[in-house]
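Thanks for coming. I will keep this short and go through two topics, with the slide up while I talk.

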Amino acid sequence: MKRSLRTSLRVFLSLVAVAGLTARAVHAADTYAENPGVQGDGEFTVGPDYTVDKDLTDLGNPKGKEFQFTMKLADSKIFRGDDKTLIPEKKPVRTERKIFVYVPAAYKDGTAAPFLVIHDGPGQLKLVRNALDNLTISKDPNRRLPAFIAIAVENGGNDGKKSERGLEYDTMSDRLARFINDEVLPAVLANADIKAAYPKLALTKNPWGHAVIGCSSGGAAALSMGWFRPDLFRRIVAYSGTFVAQQDDDAPEQAQTPHGAWDYHSELKLIEKSEQKPLRIFTHVSENDNRATDPENTYHNWVMAGQRTSAALTAKGYHHRFVFSKATKHCDGKVFQQTLADTLVWLWRGWHG
């Protein structure tokens, strides 16, 4: 057998093995069933006036514990900060990233906890922390959160094409999902300070207990984590999602998705033409979001992208909630302050792990 043929055979067999493991993992998860109903699904418009949801403020309820540590990019096997697509002299790459962890007071040590990964850490961690403090002890069964652990992960630096953040968030692949699952989560569980406070801390292996939230490219990244690895992440939140053509032009993924995340709703119709995946998805776009007046052929109109992504998800039959916010801009803080508690409550509907 020629060397190239042997190599091809080994690659094929390895892919078959990975596919088999993924299939078994998905099958195991699918023995767990939820009945979330359709409450909160659909399209909603908010604004132009905004208020701060009291459940996102400090109401004096018991507080959990906060932790922070760093991970060196050079120690990573997935995002080392040395990809050939990067131009660090123009778009600097961090040497290490900060990880922020919040364990709510309602968490019982030893319980296999669900968790929420927050892109661009600390991101909206303060609001999430308040929501956990207030809504894990809510007496209203329709407005209650499970005691999930919040894990906010800093990006690798800078923004847009040719940047480490862009590589991590705008690439149409499972690479970020693998990084979070294979490197960040084990680092959380191994952290000495966290282990000292919670010697039996555990994270659920059920992918329905794995949620991701992000804004802008972090929102697109949240969808891509679930899209490419629904065996790992199934609850998705994308505010002002960058469902536009922001993938590196020289990325290998360009061969399959030449317009990056725009292809979720472009003529390729990834959402429409793909088999429905086991995902629960929240999306949002602001009325005055980035490049709101750009024509379609720029592939960079955030409002158009957000609305078309929403329409595609709804038409496909996903449990999907879409918010359109009037008189607001990209990743507008007013939108988070009014809607995030409702978003999180909807996101976790049906969870009973």
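Which cysteines form a disulfide, and how far apart are their sulfur atoms? Before I answer, note that this is a predicted model. The pair is cysteine 215 and cysteine 331, with 2.0 Å between the two sulfur atoms. A disulfide here needs the sulfur atoms within 2.5 Å, and by that rule the count comes to one.

Now, where the two partners sit. The torsion about the S-S bond is -120 degrees, which makes the link left-handed.

Are these cysteines buried or exposed? Cysteine 215 has 13% relative accessibility and counts as buried, because the cut-off for buried is under 20%. Cysteine 331 has 26% relative accessibility, so it counts as partly exposed.

Next, the pocket. The largest pocket has a volume of about 230 Å³. Which element gives the most to its lining? That is helix H4, residues 175-190, with three residues. The lining includes Asn181, Leu185 and Leu189. Also in the lining are Phe115, Leu203, Thr204, Lys205, Pro207, His210, Asp231 and Leu232.

By residue type, the lining of this pocket divides into six nonpolar, three polar and two charged residues. Lys205 and Asp231 are the charged ones.

To recap: one disulfide, between cysteine 215 and cysteine 331, and a largest pocket of about 230 Å³.

Note on methods: Residues are numbered from 1 along each chain as its sequence is written. This is a predicted model: local features need pLDDT of at least 70, side-chain atom pairs count only at pLDDT 80 or more; totals for chains, interfaces and linings use all residues. Side-chain values use heavy atoms; hydrogens and water are left out. On a 1 Å grid over the protein atoms alone, a cavity is a set of points where a 1.4 Å probe fits but cannot get out, and a pocket is an open set with protein on both sides within 12 Å along at least five of seven lines; lining residues have an atom within 4 Å of a point. Grid points are joined across faces, edges and corners, and a volume is the space filled by probe spheres set on the points. Helices (H or I, at least four residues) and strands (E, at least two) are DSSP runs, numbered from the N terminus. Buried means under 20% relative accessible area, exposed over 50%, partly exposed in between (1.4 Å probe, protein chains only).
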